Amino acid sequence: MSRNRTARAGVIVAILATGVALTACTGNTPETTTQTGSQGGVKVANDEPGKKVVIGFSAPAADHGWMAAISAAAKAEAEKYSDVELKVVEGTNDVSLQISQVETFINDKVDAIVLLPFDGAALTPVALKAMKAGITVINVDRAFDSPFAARSTVLGDNYGMGVSAGTYVCEKLDGKSDAVVAEIAGIDSLPLTQDRSKGFADALRECGLKVNNRVAAEFTVESGEKAAANLLQAAPRVDAIWNHDDDQGIGVSAAIKNSGRGEFFLIGGAGSANVMREIKADNGLHKATVVYPSTQGADGIRLARLAVQGKSLGDLVEVEVPRQIELFAPVVTKDNVDRYLPTAFES
Amino acid sequence: MNENTATAAVAPTSGPPDGGRARRAVTGLLGSAAGRNTGLVVALVLLCVVGVITAGDRFADVDNLLTILRLASVIGVVSVGMTFVITGGGIDLSVGAIVALSSVWATTLATQAVARDFHWLSLVFTALAVGAGCGVVNGVLIAYGRIVAFIATLAMLAAARGLAEIMSNRKTQIVDVPGFTAFFDASVFGVPVLVIIFVLVAVVGWVVLNRTTFGRRTYAVGGNPEAARLAGINVRRHTVLLYTLLGVCCGIAAILLIARTTTGSATHGGLYELDAIAAVVIGGTLLSGGRGTIAGTVFGVLIFTTLSNVFTLNNLSISAQAVAKGAIIVIAVLLQQRLARRGDS
């Protein structure tokens, strides 16, 4: 199964079957794959101007590269359409403030709300309220608790990121059964970090490896440096390090440089342009990174527009927009980096 | 370090007479260490024992000890400055934000261009100037604007971090000034430059607090501002100087952080205010002012940094680390109180 994933490692957007939430038995396998990144994109009939759609957009504070890219890409996407009016509120990590932002959207009677909740569970009630008020809610990146809280959901694949990274480690360390693998995780209290770590451990188990040393940082450059400096002391010899986030990766790289070590290779996470350029130049420890698309907010905007206008996705036979879309987490290496660099975010 | 002799010498100027302190000073060098920092030394030694038992050579390794010192440097410099402000009866919640703002300002493309064309010291001076500037603003608001320190620095916390975000557009700014990187990456006799700077700051801080008029005035202002005023000390000006001093320390910390991470970022210095205050308080400095020791603060910083290192060596989680940190604060302060009481009786 894990080999399979790498084989498909060319696809940014993998669209799965509809009705996952409604009929639990529906398969999860991607049937249709399109190469239509949300940027660039093929011109399809769906892009023709239609009924005017007012979309409210709310996301957490843009306090690091990936999150900043989410909002920027969403705004850029909305500007492409003459029939979309985007209302953007200031990003916040304060759950109660974000709830009140959504309430304002409800009062304003927008047509759709694209919501990247700081905490999916905490924003579920207000999303339900919006849906009850007849507003199309598109949930992005962090899932709500209730299937009724969103018309459609775009999720990154955190578990899949771990699997992709682990599979790559297995391939690179082929046959080295005593290899030491280290992991620098993000924020341990977040489900997304737990999912990534679980995927990584599961994939390593497939080839008889395990995570020998693990630290969690906080997604910042500074915490990355601190965590990595300690980790390198903890492990006298390392063969591979997976770092969950390319923003904190700048700090990780600095710590590695300070330690003078270099007996291992480094895999990034999220897929920043900085790291991709290093991979392309092939002159650093970064040999790969696992993409966690920073364009999913933009996908949310597109879906909101289509859902309100009653259209479907270009390459689906389906009449309506699907219930759930899970994005793929491909491994970016020197061989395919040119494909991903244009949509990568600057950290 | 003979702290008590020094504080005993200033006791007459520092408000209400403190008989216990004077008596303890007589017991000399050993007595001084026992009176103030034994709790901390015990805690640090215990931690090291745990480190050696659980991680063995990996902990006792020279490289590892240097790593601990290097990690302690940044927060250590801030904590030394914080010791002055708290001893002087104040508090500063904005240190983390000032570190962030200094690091961002010093790493803008413009500053970096100047640093490359002219000299890398211009980058250093920018960080120091920004730190000092924030400190002056804090001090003036508190001393002349009569705003409570807690509130004034809370405002600075919000404003400085916001300004850092605006200046950097929330992007991490990578430093590419060869001279700067080369200087701060270097070691002297195997000791990293970062650690040397931390030691220098601590030594200078100790000398200033214990051996100079400025230090005596700090104790006096913190102990009893009214008495200090009557004794002819310009309390307002002194307050401004204290916050400026801490601002400069934040600037130094920002430089060390830029050197360590090769970046300036609005996310730098997260929760430094709490870490620094925790180190200062378990170091035996009174939150109400009038009593403070640099050595205690340095021990406090080393304890927290060693804790984090020992936990990582044993593959334990950040959450468990936070619990241990809380426990250590309580244990160290309890031990100190016990030993101090015994010393007084």
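Colleague: B:A72, buried or exposed?
Modeller: B:A72 counts as buried because its relative accessibility is 0%. Buried means under 20% relative accessible area and exposed means over 50%, with partly exposed in between, using a 1.4 Å probe and protein chains only.

Colleague: What sort of model is this, and how are things numbered?
Modeller: This is a predicted model, where local features need pLDDT of at least 70, side-chain atom pairs count only at pLDDT 80 or more, and totals for chains, interfaces and linings use all residues. Residues are numbered from 1 along each chain as its sequence is written, chains are lettered from A and ligands numbered from 1 in the order in which they are written, and side-chain values use heavy atoms, with hydrogens and water left out.

Colleague: Back to B:A72. Which helix is it in?
Modeller: B:A72 belongs to helix α5 of chain B, residues 62-87. Helices (H or I, at least four residues) and strands (E, at least two) are DSSP runs, numbered from the N terminus.

Colleague: And what does B:A72 touch, leaving aside neighbours within four places in sequence?
Modeller: B:F198, B:V301, B:L302 and B:T305. Contact means heavy atoms within 4.5 Å.

Colleague: What about B:V193, where is it found?
Modeller: In helix α11 of chain B, residues 193-211. B:V193 counts as buried because its relative accessibility is 9%. Not counting residues up to four places away, B:V193 touches B:F183, B:F184, B:A186 and B:S187. B:V193 and B:I91 are 102 residues apart in sequence and 29 Å apart in space, C-alpha to C-alpha.

Colleague: Which residues touch the most other members of the largest nonpolar core?
Modeller: B:F180 and B:F184, in a core of 82 residues. Helix α14 of chain B (residues 235-261) gives the largest share of this core, 13 residues. Apart from this core lies another of 51 residues, including A:V53 and A:F265. A nonpolar core is a set of buried Ala, Val, Leu, Ile, Met, Phe, Trp, Tyr and Cys residues joined through side-chain atoms within 4.5 Å.

Colleague: New topic. How many helices and strands are in each chain?
Modeller: Chain A has 11 helices and 14 strands. Chain B has 17 helices and four strands. Buried residues are 58% of the 347 in chain A, and 54% of the 345 in chain B.

Colleague: Which way do β8 and β9 of chain A run?
Modeller: Strand β8 (residues 181-185) and strand β9 (residues 211-216) of chain A run parallel, joined by five bridges. Two strands pair if DSSP finds at least two bridges between them. A:A185 stands opposite A:A216 in β9(A).

Colleague: How much area is buried between chain B and chain A?
Modeller: About 2400 Å², with 49% of that from carbon and sulfur atoms. Buried area is the accessible area (1.4 Å probe) that two parts lose on being put together, summed over both. The contact takes 27 residues from chain A and 29 residues from chain B.

Colleague: How many salt bridges are there between the chains?
Modeller: Four between chain B and chain A. A:E90 forms a salt bridge with B:R170, where the closest N and O atoms are 3.8 Å apart. A salt bridge is a side-chain nitrogen of Lys or Arg within 4 Å of a carboxyl oxygen of Asp or Glu.
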